[in-house]
Amino acid sequence: LLQAHMKAARAKIELSRRESERLPSLDLTAAATFRGLSDQNILNTHFEAFTPEDGSTNWRLGLGFEYPIGNRAAAARVAQARVALKQDNIALHEARTEMIFQIRNAVRSVEVARDSIAASSEARGLAQEQLANERLRLELRRSTNFQVFQVEEDLSVRSTALLQAHISYRLALLELVRTTGIPLTDLVKSL
């Protein structure tokens, strides 16, 4: 996104430069020339060595005006710069849209993972209750060891799912941190 911003800014500057090529220009030039050195003033300062009395100093001042007539090449460069600026603005808009899309997806993933933790935790709690009930049934001789083992395996699957939900939540948080650039401590406080 930052690169797209910078590219659009460069294109805007380039357009401004290309448009200025089509404008008239007025240049002011100035020159001063010094000829000859006096033998007597060799150790004096540099400017004192010149003697203006003998015509060794010349001053020139000029004014130049240019008006481009039918400058098709400059007009074409301006048109190219405008097209480049439009393309860069479109790329910037696409980058912003993509960034918003990625942030929304990351937030949605965090929310889904948080809901998954709640659901997995509830399922694990129910599996624990079912195991307690099945053990009670085994004591009353209404169940078999095989049925108790099946319920224990179901509890193990639910515990694994809860652990996986916690891992998914952490990964979703890290993806949100990567996408937004907000530190994890600040992000967890806001969630």
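**Exercise 1. Decide whether Arg158 is buried, partly exposed or exposed, then find its salt-bridge partner.**

Arg158 has 34% relative accessibility, so it counts as partly exposed. The cut-offs are these: buried means under 20% relative accessible area, exposed over 50%, and partly exposed in between (1.4 Å probe, protein chains only). Next, look for the partner: Arg158 forms a salt bridge with Asp154, with the closest N and O atoms 3.6 Å apart. A salt bridge here is a side-chain nitrogen of Lys or Arg within 4 Å of a carboxyl oxygen of Asp or Glu. Asp154 is partly exposed too, with a relative accessible area of 24%. Finally, Arg158 and Asp154 are 4 residues apart in helix 3 (residues 145–180), so about one helical turn separates them. Helices (H or I, at least four residues) and strands (E, at least two) are DSSP runs, numbered from the N terminus.

A quick note before you go on: this is a predicted model, where local features need pLDDT of at least 70 and side-chain atom pairs count only at pLDDT 80 or more, while totals for chains, interfaces and linings use all residues. Residues are numbered from 1 along each chain as its sequence is written, and side-chain values use heavy atoms, with hydrogens and water left out.

**Exercise 2. Work out how helix 1 and helix 2 are arranged.**

Start with the axes: those of helix 1 (residues 2–21) and helix 2 (residues 72–139) come within 8 Å and cross at roughly 165°. Axes are lines fitted to C-alpha atoms, for helices over the stretch in contact, and angles run from 0 to 180 degrees between N-to-C directions. Helix 1 and helix 2 are therefore roughly antiparallel, a label for angles over 145 degrees.

Now look for a link between them. The side chains of Arg82 and Glu19 meet in a salt bridge (2.9 Å, N to O). Arg82 lies in helix 2 and Glu19 in helix 1, so this pair ties together parts that are 63 residues apart in sequence.

**Exercise 3. Compare the accessibility of Arg18 and Glu21, two salt-bridge partners.**

First, the contact: their side chains meet at 3.1 Å, N to O. Arg18, at 18% relative accessibility, counts as buried, whereas Glu21, at 27%, counts as partly exposed. The two are 3 residues apart in helix 1, so about one helical turn lies between them. Last, widen the view: Arg18 and Glu21 belong to a network of salt bridges that also links Glu14, Arg17 and Arg77.

Conventions:
Parallel < 35°, antiparallel > 145°, perpendicular 65-115°, else oblique.
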